[in-house]
Amino acid sequence: LHGEQDFEYRRPIRPGDTLRFRSRTKEVFEKQGKRGGTMLFVIGETEFKNQHGEIVAYMRNTAIETSGPVQA
């Protein structure tokens, strides 16, 4: 499941910029769910740099895996 996603802009991104990115897992944890059993949360972060090596943005996202079908 897609939990959430957010963006943090640190510097302006301009037309013509060349962006490089690096993604990594920041945190992994389990939590007991109310309707789908155990849930595994994976928090990821992607760092974007421009052609000058300056950090211009971060993207953070949460992915959730349930141990069984989610009951409505």
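## A walk across the strands

Start by selecting E8: at 29% relative accessibility, E8 counts as partly exposed, a class that lies between buried (under 20% relative accessible area) and exposed (over 50%), using a 1.4 Å probe and protein chains only. Before you move on, note that this is a predicted model, in which local features need pLDDT of at least 70, side-chain atom pairs count only at pLDDT 80 or more, and totals for chains, interfaces and linings use all residues. Residues are numbered from 1 along each chain as its sequence is written, and side-chain values use heavy atoms, with hydrogens and water left out.

**Stop 1: the charged side chains.** R10 forms a salt bridge with E8, with the closest N and O atoms 3.4 Å apart; the term means a side-chain nitrogen of Lys or Arg within 4 Å of a carboxyl oxygen of Asp or Glu. Next, pick E45 and R60, another salt bridge, whose closest N and O atoms are 2.9 Å apart. This pair links distant parts of the chain, with E45 in strand β3 and R60 in strand β4, 15 residues apart. E45 is buried, at 8% relative accessible area. Now select D6, E8, R10, R24, K26, E45 and R60 together: salt bridges that share partners join them into one network.

Stop 2: Show the cartoon for β1 (residues 2-9) and β4 (residues 55-66), which run antiparallel and are joined by seven bridges. Strands here are DSSP runs of E, at least two residues long, numbered from the N terminus, and two of them pair if DSSP finds at least two bridges between them. Which residue of β4 is the bridge partner of D6? The partner is R60. R60 also forms a salt bridge with D6, the closest N and O atoms being 3.9 Å apart. Then bring in β3 (residues 38-49), which runs antiparallel to β4 with 11 bridges between them. In the hairpin of β3 and β4, find G53, which takes a positive phi near 80 degrees.

**Stop 3: the rings.** The structure holds three aromatic pairs, meaning rings of Phe, Tyr and Trp (its six-membered ring) with centres within 6.5 Å; planes under 30 degrees apart count as stacked, over 60 as edge-to-face and the rest as tilted. Select F21 and F48: their ring centres are 6.0 Å apart and their planes at 45 degrees, so the pair is tilted. Move to F29 and F41, whose centres are 5.0 Å apart with planes at 5 degrees, so this pair is stacked. Finish on F41, which is buried at 11% relative accessible area and stands opposite I64 in β4.

Definitions and conventions:
Helices (H or I, at least four residues) and strands (E, at least two) are DSSP runs, numbered from the N terminus.
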